[in-house]
Amino acid sequence: MENLTSSIILWLGALIFIAVGIYAVKREKPMWLWGGSAVPESMVKDVKAYNRAIGKMWLACSVPLLISGVAVLIFPGISLIIFALVCVAGIGVLAWCYHKIEEKYFVK
């Protein structure tokens, strides 16, 4: 029962990331990533492509949580390792990906 609860929590977190990704893709103004920092339209070359890239990034962030949710039911120890890697290394990867998106879509 405890493992099922953990899986549901992980899947709910993944669903939130998926919802944010879908919202980013459908948004007409530039999507922000960091809390409180809006992205002016004048800074983005192609808003639609920029938002699509941000949306894909959020969707990619949901994958490890989905995998961890399944793994916790089968191998609880492995899911803990995956989740820890996502929390620690994932933040760095997220920042790196966003930097690459900025390089590609921001006006220089």
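These exercises work through a predicted model of one protein.

Residues are numbered from 1 along each chain as its sequence is written. Local features need pLDDT of at least 70, side-chain atom pairs count only at pLDDT 80 or more, and totals for chains, interfaces and linings use all residues, while side-chain values use heavy atoms, with hydrogens and water left out.

**Exercise 1. Describe the overall fold.**

Step 1. Count the elements. The protein has three helices and zero strands. Helices (H or I, at least four residues) and strands (E, at least two) are DSSP runs, numbered from the N terminus.

Step 2. Read the order. From the N terminus on, it is α-α-α.

Step 3. Take the dimensions. The C-alpha trace spans about 50 × 25 × 20 Å along its principal axes.

Step 4. Look at burial. Of the 108 residues, 30% are buried. Buried means under 20% relative accessible area, exposed over 50%, and partly exposed in between (1.4 Å probe, protein chains only).

**Exercise 2. Decide whether Phe-106 is buried or exposed, and list its contacts.**

Step 1. Phe-106 sits in the segment after α3.

Step 2. Apply the cut-off. Phe-106 is buried, because its relative accessibility is 12%.

Step 3. List the partners. Neighbours within four places in sequence are left aside. Phe-106 then touches Val-39, Met-43, Val-44, Lys-45, Tyr-50, Tyr-98 and Ile-101. Contact means heavy atoms within 4.5 Å.

Step 4. Check a distance. Phe-106 and Ala-60 are 46 residues apart in sequence, and their C-alpha atoms are 21 Å apart.

**Exercise 3. Find the patch of positive charge on the surface.**

Step 1. Name the members. They are Lys-48, Arg-52, Lys-56 and Lys-104. Patch residues have over 30% relative accessible area and no salt bridge; like charges are joined within 9 Å, nonpolar side chains (Val, Leu, Ile, Met, Phe, Trp, Tyr) within 5 Å. A salt bridge is a side-chain nitrogen of Lys or Arg within 4 Å of a carboxyl oxygen of Asp or Glu.

Step 2. Assign the helices. Helix α2 (residues 47-74) gives the largest share, three residues. Lys-104 belongs to helix α3 (residues 76-105).

Step 3. Check Lys-104. It is exposed, because its relative accessible area is 55%.

**Exercise 4. Find the nonpolar surface patch.**

Step 1. Take its area and members. The patch covers about 1,000 Å², and Met-1, Leu-4, Ile-8 and Phe-75 are among its residues.

Step 2. Find the main source. Helix α1 gives the most, four residues.

Step 3. Check one member. Leu-73 lies in helix α2. Leu-73 is partly exposed, because its relative accessible area is 42%.

Note on methods
Areas by Shrake-Rupley, 256 points an atom, 1.4 Å probe, with all protein chains shown as cover. Lys, Arg positive; Asp, Glu negative; His and termini not counted. Charge placed at Lys NZ, Arg CZ, Asp CG, Glu CD.
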